[in-house]
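Here is a short briefing to read alongside the structure. Take a moment with the view below, and then we will go through it topic by topic.

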Amino acid sequence: MTRRNLHRLQVAILSITLLTATLVAQQREPDEVIKVNTDLVVFDAQVFDKKSKRIIGDLTKDDFEITDNGVKQQISYFSRDELPLSIVLLLDVSRSVRPILHDIRDGALNALKHLKPDDQVAVMAFASETKLAQDFTKDRALASRKIEEATASDVLGNATFVGPALESAAIHIEHAPTANSRRVIIIITDNIAATSDRQQHDVLAQLFDSGTVVYGLIVRGPVGRVFNIISFGQIKAINKFVDETGGEVLGAGKTEVDQRLGLIIDRLRARYAIGFRPSKTADETFRPVEIKISSARSRNEKLLVLTKRGYYLRRKV
């Protein structure tokens, strides 16, 4: 091949390469524009029969109705137990639960068996301070070791600062490595603590932003039981966070932690992911959402929906 022909061949190859790159960029551009300009808001919802308390797991998209700020929305996404879970296991290690901490530890270790291979779990512990013991991982053995380490000392103090702990967990869960996962904080505590109205507001805003559901497992040692009696059962540190995000509070004796935690994970499996595209642009204000069962399905049943109260439609950057 002559030098002139070789040069022509090189020019031709370069031209084809540039043309191919341009065509690929043109083909990708619409997808990228769609991703930037389209917001899919997904709500996690659980349905149960009001009378029997039975979890309802056989509903279809047509059985649900959803309104955003009072305006009916078209359901754009619907699934049940298809998306992986990103769970922050938030462990109370304060002085009031220390006598039963080994029961909480053993129950948490056993509950990991209920997770699916694609589910990820992070471990956090709290008392006077909050500490991330293990970032999100699919490695159950690693998570187990970190649970044992997190419950082995009193280095985090004696108090029960639930508000800051939940806020730290909500901030951390925003960075869960699986973008489309269902995000859940499971907090194991004796529920004996107080949070201010301002603190509740700030924590709830963070939970709504991250799309997180809070589940609570209440386990009480001798001190917690005494405080509960003295307060006539009125000290409920986590209940508002659970109610506002559409979760549940379950109680457990010290020997029931693994069974009740397993039940929580099983109930998470029975929840529905329901998504819609908001009709308005982002305005940074809180938008109340109502999800209910259509009248056609609920005519012969009293079905209730647990889900978060609303969301903030933040402007994407």
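What percentage of the 317 residues in the protein do buried residues make up? The figure is 46%. Please keep in mind that this is a predicted model.

**Overall picture**

- The secondary structure comes to 9 helices and 14 strands.
- Of the contacts in the protein with a separation of 6 or more, 82% are between residues 24 or more positions apart.

**Confidence**

- The protein has a mean pLDDT of 83, and 81% of its residues reach 70 or more.
- Over residues 3-38, pLDDT stays under 50, and the model has 5 contacts beyond four places in sequence for this stretch.
- Where pLDDT is low, the predicted coordinates should not be read in detail.

**Helices α2 and α3**

- Two packed helices are described by the angle between their axes and the distance between the axes.
- Helix α2 (residues 101-111) packs with helix α3 (residues 140-150) at an angle of about 170°, and the two axes are 10 Å apart.
- The angle makes α2 roughly antiparallel to α3, because angles over 145 degrees count as roughly antiparallel.
- On the α2 side, the contact is made by R105, A108 and L109; on the α3 side, S144, I147 and E148 take part.
- By type, the residues of this contact divide into 3 nonpolar, 1 polar and 2 charged.
- Which residues of α2 are buried? They are L101, D103, I104, G107, A108, L109 and A111.
- The cover over the buried residues of α2 includes α3 as well as β5 (85-92), β8 (182-189) and α8 (257-269).

**Y77 in strand β4**

- Y77 sits in strand β4 (residues 75-80).
- Is Y77 buried, partly exposed or exposed? Y77 counts as partly exposed because its relative accessibility is 23%, and buried would mean under 20%.
- Not counting residues up to four places away in sequence, Y77 touches L40, E82, L83, A273, I274 and G275.
- L40, one of the residues that Y77 touches, is 37 residues from Y77 along the chain, and their C-alpha atoms are separated by 8.4 Å.
- The side chains of Y77 and S79 make a polar contact at 2.9 Å.

**H172 in helix α4**

- H172 is found in helix α4 (residues 162-173).
- H172 counts as buried because its relative accessibility is 17%, where the cut-off is under 20%.
- Leaving out residues up to four places away in sequence, H172 touches A122, L132, D135 and F136.

**Two loop residues with positive phi**

- K53 is not a glycine, yet has a positive phi of about 65°.
- K53 lies in the loop between β1 (41-49) and β2 (64-68), and with a relative accessibility of 51% K53 counts as exposed.
- N191 is likewise not a glycine and has a positive phi of about 70°.
- The loop that holds N191 is between β8 and α5 (197-210).
- Is N191 buried or exposed? N191 is buried, with a relative accessible area of 3%, whereas K53 counts as exposed.

Key
Residues are numbered from 1 along each chain as its sequence is written. This is a predicted model: local features need pLDDT of at least 70, side-chain atom pairs count only at pLDDT 80 or more; totals for chains, interfaces and linings use all residues. Side-chain values use heavy atoms; hydrogens and water are left out. Axes are lines fitted to C-alpha atoms, for helices over the stretch in contact, and angles run from 0 to 180 degrees between N-to-C directions. Helices (H or I, at least four residues) and strands (E, at least two) are DSSP runs, numbered from the N terminus. Angles under 35 degrees count as roughly parallel, over 145 as roughly antiparallel, 65 to 115 as roughly perpendicular and the rest as oblique. Contact means heavy atoms within 4.5 Å. Ala, Val, Leu, Ile, Met, Phe, Trp, Tyr, Cys and Pro count as nonpolar, Asp, Glu, Lys and Arg as charged, and the others, Gly among them, as polar. Buried means under 20% relative accessible area, exposed over 50%, partly exposed in between (1.4 Å probe, protein chains only). A polar contact is a pair of N or O atoms within 3.5 Å; within protein, one must be able to donate a hydrogen and the other to accept it, and residues adjacent in sequence count only if both atoms are side-chain atoms. pLDDT is the predictor's confidence in each residue, from 0 to 100.
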